[in-house]
Amino acid sequence: MKKLPALFSLLASIGLWYACVQHPQNKKMTLRSDLKVSNHGVNIAYTDTGKGDTTLLFVHGWCINKSYFDNQVKYFGRKYRVVTMDLGGYGQSGKNRNSWTTNDFAGDVTAVINTLKLKNVILIGHSMAGEIIVQAKLNAPRQVIGLVGIDNFKGFDGKPESAKAKADYAKAIAELKKHFKAVTTAYFNQDLFYKTTDTAIRKRILKDVANADSAIAIASMEDNGFNTVAKLKATKIKLHLINSDYTPNDTIGFIKAGIPYQLLQIHATGHFPMVEKPVEFNRLLQQAINQI
């Protein structure tokens, strides 16, 4: 258990919640899911709600699924087209592939964008999906107009990973392979929940993590050589972050690398602000959307 901080501090470093304007309440939302989306034979489950010139595409984090954005669908779907999706290997999406890298997951996102013919897309990615939406922007540069991260890039220093850090990471992954449920349960309880996190929310998240396919979950976290600094620079757009402050947000790396960013902090919540404090999260997300 002493290796937990080594594992998850590293995971966090690579990207492991009533808006300020009122939306019309009498505008009916339309729900569509008639088109089949697949990425190289892997079925990608999604929801497609509302309509508008701008599309908000929500991408979930590690071991959870698209239902974590249900509150955002209900709220923003009255003004925008809102799409949520399950990444390959998670939720209701298929598991019939052998590779689970950032590029693979970004391909899932790109498949949704292309199949649904989405335009003016703002990608909103939680936790590990931070890097995924960056790559998806590079895959679909014309369609994607904005990037919003949720509680990710918190310790971004812009430096190459040291040999010691790589070794510690490998050991942590090995520990995860041996005791997946015990390690993840202990870590989530210790470091990803805030003292005020609702008991029902804790139980929901821990249940979803425990029921995740451990082989896919672990493969999702293994090093795949994603060059975060270079990729962020290549997007040539500002990165907007809605991050909790239960752990520090170090932005020095963005400044040193000349990467434009906006940090909107949400207080007294854990790693899942979209479900822990949806009203405040929606307000901050609207701020980011207004800037984009």
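Visitor: Is Gln-262 buried or exposed?
Guide: Gln-262 is buried, at 12% relative accessibility; buried means under 20% relative accessible area, exposed over 50%, partly exposed in between, with a 1.4 Å probe and protein chains only. Keep in mind that this is a predicted model, where local features need pLDDT of at least 70, side-chain atom pairs count only at pLDDT 80 or more, and totals for chains, interfaces and linings use all residues. Residues are numbered from 1 along each chain as its sequence is written, and side-chain values use heavy atoms, with hydrogens and water left out.

Visitor: What does the Gln-262 side chain have a polar contact with?
Guide: The side chain of His-240, at 2.6 Å. A polar contact is a pair of N or O atoms within 3.5 Å; within protein, one must be able to donate a hydrogen and the other to accept it, and residues adjacent in sequence count only if both atoms are side-chain atoms.

Visitor: New topic: how many salt bridges are there?
Guide: The count is 9, taking a side-chain nitrogen of Lys or Arg within 4 Å of a carboxyl oxygen of Asp or Glu. One of them joins Asp-108 and Arg-97, at 2.8 Å from N to O.

Visitor: And are Asp-108 and Arg-97 buried or exposed?
Guide: Both Asp-108 and Arg-97 are buried.

Visitor: What about Lys-95, which residue does its side chain meet in a salt bridge?
Guide: Asp-213, at 3.9 Å from N to O. Lys-95 is partly exposed at 46%, and Asp-213 is partly exposed at 27%.

Visitor: Which residues are linked in a network of salt bridges?
Guide: Lys-277, Glu-280 and Arg-283.
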